[in-house]
Amino acid sequence: MSRLIDNFGRQIEYVRLAVTDRCNLRCQYCMPAHGIDIVPRQELLSFKEMYRLIRVLTELGVHKVRLTGGEPFVRKDFVGFLEMLSHNDLLDTINITTNGALISHHISKIEKLEKVKNINLSIDSLQRDKFAKITRRDVFPEVYKTFELLEKSSLNLKLNIVVQSGFNTDEILDFVRLTKNKNVAVRFIEEMPFNGKGQREMNENWTFKKILDQIKTEFYLSEIQSEKSSTSRNYSIKNHAGSVGIIPAFTRTICNDCNRIRITSVGKFKNCLFDDGVFNLRDFIRKGASNEDLKELFLSLVKKKPKTGFIAEANRKKGNVSESMSTIGG
Ligand code: SAM
Ligand code: SF4
């Protein structure tokens, strides 16, 4: 079998697919208050097209997919798509990133899907008012209910917290305290300028190191040996049921072992979060490309994968990063 190997010997095994650009929330670090210009429905990949792209990728060695968005559960019959994707025998893991506001009644059904293993739940504050300020929607009670249901479920749960200067840095230790009795991986993410406007306005720069130092003011951390291509550095705390991780999304110290590619909701192929889209897969398949054509294409596209996110950013033709994470798929 041909495998997707880039020019730096990295084998691509993981694809992140944005199933929609739509979202029910308006997180301040992701998009402006009025939202983003969403594309007409016919410009989104259909579930059938997504299934096919993933199938071809799995025939080239990809075995993991993360479904994200926008908010994946905003897309009509997303759970049906999870079932459809589960039929791909070459896929062993389906992970989902969600804001949790629409999913509590789907959890028991999702639990039955063997390939769905990890749910990343985004929850940037444990305080209702602050949560509403950050997401611009008052949905904390529903998201917290999802959190509690997921915690009790058989799914592996990770919490995503974007660390935002002036908003939730005072809660970093509260989130770490959650891991005492809850078997959950709490992961802090450095804020990036993917917010629909491009600026990264902040009083203090909460880097990986600053977040780590803040946690160390109260806890003694032992580093956990993570998977080689992990996006986070992870730590355990003695007598805590859960773990803590930090994702250096902006300082990008994790690029060396990257095994990921991305497909946006309109079918743009991305080798890196920071590139500006390398190829329009949707138009290619809508013009009649065969699966063999697609395979050849994927094999050549990954050869263009830049060594790091900094190089990807420098190579952009469309200027500084400014697009919303919701259109890329986080
Ligand atoms: N709507 C879903 C959610 O919020 O989980 C999935 C899509 S969202 C774009 C995926 C992840 O990207 C979320 O954890 C979100 O917090 C994160 N994210 C969005 N914009 C970001 C930014 N500018 N910097 C860092 N992380 C960001
Ligand atoms: Fe929506 Fe997720 Fe972006 Fe928040 S981070 S606006 S929930 S896509």
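Ligand 1 is surrounded by 19 residues, and the closest are Tyr29, Gly70, Ser122, Met192 and Met325; a residue is near the ligand if one of its heavy atoms lies within 4 Å of it. Please keep in mind that this is a predicted model, where local features need pLDDT of at least 70, side-chain atom pairs count only at pLDDT 80 or more, and totals for chains, interfaces and linings use all residues. Residues are numbered from 1 along each chain as its sequence is written, chains are lettered from A and ligands numbered from 1 in the order in which they are written, and side-chain values use heavy atoms, with hydrogens and water left out.

**Around the ligand**

- The shell around ligand 1 is made up of seven nonpolar, nine polar and three charged residues; here Ala, Val, Leu, Ile, Met, Phe, Trp, Tyr, Cys and Pro count as nonpolar, Asp, Glu, Lys and Arg as charged, and the others, Gly among them, as polar.
- A nitrogen atom of ligand 1 lies 3.1 Å from a backbone N or O atom of Gly70.
- At Thr98, a backbone N or O atom is 3.2 Å from an oxygen atom of the ligand.
- Met192 has a polar backbone atom 2.8 Å from a nitrogen atom of ligand 1.
- The protein buries 96% of the 540 Å² that ligand 1 exposes when taken alone (Shrake-Rupley method, 1.4 Å probe; for residues, only the protein chains shown count as cover).
- Two or more shell residues come from each of strand E3 (93-98), strand E5 (156-163) and strand E6 (185-190); strands are DSSP runs of at least two residues, numbered from the N terminus.

**Strand E5 and its partners**

- E5 is largely enclosed by the rest of the structure, because six of its eight residues are buried (buried means under 20% relative accessible area, with a 1.4 Å probe and protein chains only).
- Strand E4 (residues 116-122) runs parallel to E5, and the two pair over five bridges; pairing requires that DSSP finds at least two bridges between two strands.
- E5 also pairs with E6 in the parallel sense, over six bridges.
- Leu159 in E5 stands opposite Leu121, and in E6 the bridge partner of Leu159 is Val186.

**Cysteines**

- The structure holds zero disulfides, a disulfide being a pair of cysteine sulfur atoms within 2.5 Å.
- For Cys255, the closest cysteine sulfur is in Cys272, 6.2 Å away, so the distance is too far for a bond.
- Cys255 counts as buried, at 14% relative accessibility.
- Cys272 is buried too, with a relative accessible area of 14%.

How values were computed. Buried < 20%, exposed > 50% of the residue type's maximum accessible area, 1.4 Å probe, protein only. Polar contact = N/O pair within 3.5 Å; in protein donor to acceptor, adjacent residues only side chain to side chain. Helix = DSSP H or I, 4+ residues; strand = E, 2+ residues; numbered from the N terminus.
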